[in-house]
Amino acid sequence: MPDPSSLGFSTRAVRGFEADTRPGLRSTVEPIYQSSSFYYEDPEHLDAALGGDPSAYTYSRYGNPTVAAWERTLAALEGAEAAIAFGSGMAAIQAVFILLAVEADRPVLASREVYGATHGLLTGILRAAGVRTELIDFTDLEEVRRIARTLRPGVIYWEAMSNPLLTVVDPVALAEIAREVGALAVVDATFVTPYLQRPLDLGADLVVHSATKYLAGHGDVTGGIVAGRADLMTELRRVARLTGGILAPFEAWLTARGVQTLALRMERHCANAAEVAAALRAHPAVERIYYPGLPDHPSHAIARRYLPAGCLGGLVSFDLRDGAPVRIRQVLRRLEVVRPAATLGDTGSRVLSPPMASHRFLTPEDRAAIGIGEGLLRVSVGIEDAADIIADLEQAIGIE
Ligand SMILES: *Cc1c(COP(=O)(O)O)cnc(C)c1O
């Protein structure tokens, strides 16, 4: 670089912040490459990079070193050959369906208990784009097999643990059905994280996450990620480059930072959730409790088989005996440790009323048909002291 004093004011302002490279100096964590593009002093190198050399960076929509470091981290945790990060969970899910359903011109067979926005994507946008989508009960394996044989889907899609009733489906049986009919098995594992279940090890082809939840873990990032076989990831990278829903470097850095403590956080989320479930179960204001660790949960046996003993997730849902809207509002107002917020997986405990939030636009009858009562509350149990979470929930639901 020329002597700065020989340059004009505006040139100095621009050039001053160019990257420094000190030979021999290495930072212990990946730096944030907050740069939309990368240049090479040697035009041969630039030409190779633009020509598709996968280890070279040119433009951050194509790839960014900080984002790549996070992608490698998640791939290693999922036992995947590669991963691609997106700007949100929905951007990740959308890219998967563009590749495997829209471009491939194949139907989608999905669990009816999918996340609300995924439900909307499947029944609205994808159908408008000409994709046939069927949403059915994935706990009924015979029905899934029967419909898969006639529908011949390109994708069979489910969530490892569903929202908000925490249904756990049989990943091995579903992946087998997918193989039989020539479909790819895609699992949204947001609620379980690779610490509790690794769908690729159980036969799935792709695993997707809303990294906004447990992976980033601290309530300060919106992100998504997909992991799987290298050949599928190469195709998905093409879709990501063309559709542009990529993750920003700072968000990638925060997520990879959060994931360093994923195991510790999940152990605590799980232990706290088990305590919260036990306490609420005994509470007179609670009508019914949904927690896969309890023997009366419909998915208890499958959860025990496909989730680690003693770590059955950080979520607990329950029906208040009196589910009138005025009572739900009273409970939300009284909470002081557990925050009413439409998310999960944060270090802090969160509570949500599905009829008010995620399932707001369904009629009470449609909610009832999928098992969601008006008094249902979903708690994302945080990593605070369990006694404080329980005391707060008990005082809030207690009848004055
Ligand atoms: C939150 C969530 C999504 C969507 O992720 P965003 O990061 O909000 O776009 C998808 N699936 C599940 C299971 C989720 O909980």
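Q: Which strands does helix 7 lie across?
A: In this predicted model, helix 7, made of residues 171-181, lies across strand 4 and strand 5. Helix 7 runs at about 170° to strand 4.

Q: How do strand 4 and strand 5 pair, parallel or antiparallel?
A: Strand 4 (residues 155-159) and strand 5 (residues 184-188) pair in the parallel sense, over five bridges.

Q: And which residue is the bridge partner of Trp158 in strand 5?
A: The partner of Trp158 in strand 5 is Val187.

Q: What is the order of the strands in the open sheet?
A: The order is 1-7-6-5-4-2-3, which accounts for seven strands, and the pairing is mixed. Strand 1 (82-86) and strand 3 (133-136) each have a single partner strand, so these two stand at the edges and one side of each has no neighbour in the sheet. From one strand to the next, the twist averages 20°.

Q: Which strands does helix 4 lie across, then?
A: Helix 4 (residues 89-103) lies across strand 1, strand 2 (108-111), strand 4, strand 5, strand 6 (206-210) and strand 7 (224-228). The angle of helix 4 to strand 6 is about 150°.

Q: Changing topic: how many aromatic pairs does the structure hold?
A: The structure holds five aromatic pairs. One of them joins Tyr59 and Tyr62, whose ring centres are 5.9 Å apart.

Q: Why is the pair of Tyr59 and Tyr62 edge-to-face?
A: The planes of the two rings stand at 85°, and an angle over 60 degrees counts as edge-to-face.

Q: What about Phe97 and Tyr157?
A: Phe97 and Tyr157 form a tilted aromatic pair, with 5.0 Å from centre to centre and 50° between the planes. Phe97 belongs to helix 4 and Tyr157 to strand 4, so the pair links distant parts of the chain, 60 residues apart. Phe97 is buried, with a relative accessible area of 0%, and Tyr157 is buried as well, at 1%.

Q: Which residues do ring pairs link into a cluster?
A: The cluster consists of Tyr33, Phe38 and Tyr57.

Q: Now the ligand: which residues come nearest?
A: There are 13 residues around the ligand, and Gly89, Asp188, Ser210, Thr212 and Lys213 come nearest.

Q: How far are Ser210, Thr212 and Lys213 from ligand oxygen atoms?
A: A side-chain N or O atom of Ser210 is 2.8 Å from an oxygen atom of the ligand. For Thr212, a polar side-chain atom lies 2.7 Å from a ligand oxygen atom. A polar side-chain atom of Lys213 is also placed 2.7 Å from an oxygen atom of the ligand.

Q: Where is Leu307 found?
A: Leu307 is in the loop between helix 12 (300-306) and strand 9 (315-320). Its relative accessibility is 5%, so Leu307 counts as buried.

Q: And what does Leu307 touch?
A: Setting aside residues up to four places away in sequence, Leu307 touches Met161, Val168, Val192, Leu196, Gln197 and Leu312. Leu307 and Gln197 are 110 residues apart in sequence, with 6.0 Å between their C-alpha atoms.

Q: Last one: is Asn272 buried or exposed?
A: Asn272, found in helix 11 (residues 262-281), counts as buried at 3% relative accessibility. Beyond residues up to four places away in sequence, Asn272 touches Val381, Gly382, Ile383, Glu384, Ala386 and Ile389.

Key:
Residues are numbered from 1 along each chain as its sequence is written. This is a predicted model: local features need pLDDT of at least 70, side-chain atom pairs count only at pLDDT 80 or more; totals for chains, interfaces and linings use all residues. Side-chain values use heavy atoms; hydrogens and water are left out. Two strands pair if DSSP finds at least two bridges between them. Helices (H or I, at least four residues) and strands (E, at least two) are DSSP runs, numbered from the N terminus. Axes are lines fitted to C-alpha atoms, for helices over the stretch in contact, and angles run from 0 to 180 degrees between N-to-C directions. Contact means heavy atoms within 4.5 Å. Rings of Phe, Tyr and Trp (its six-membered ring) pair if their centres lie within 6.5 Å; planes under 30 degrees apart count as stacked, over 60 as edge-to-face and the rest as tilted. Buried means under 20% relative accessible area, exposed over 50%, partly exposed in between (1.4 Å probe, protein chains only). A residue is near a molecule or strand if one of its heavy atoms lies within 4 Å of it. A polar contact is a pair of N or O atoms within 3.5 Å; within protein, one must be able to donate a hydrogen and the other to accept it, and residues adjacent in sequence count only if both atoms are side-chain atoms.
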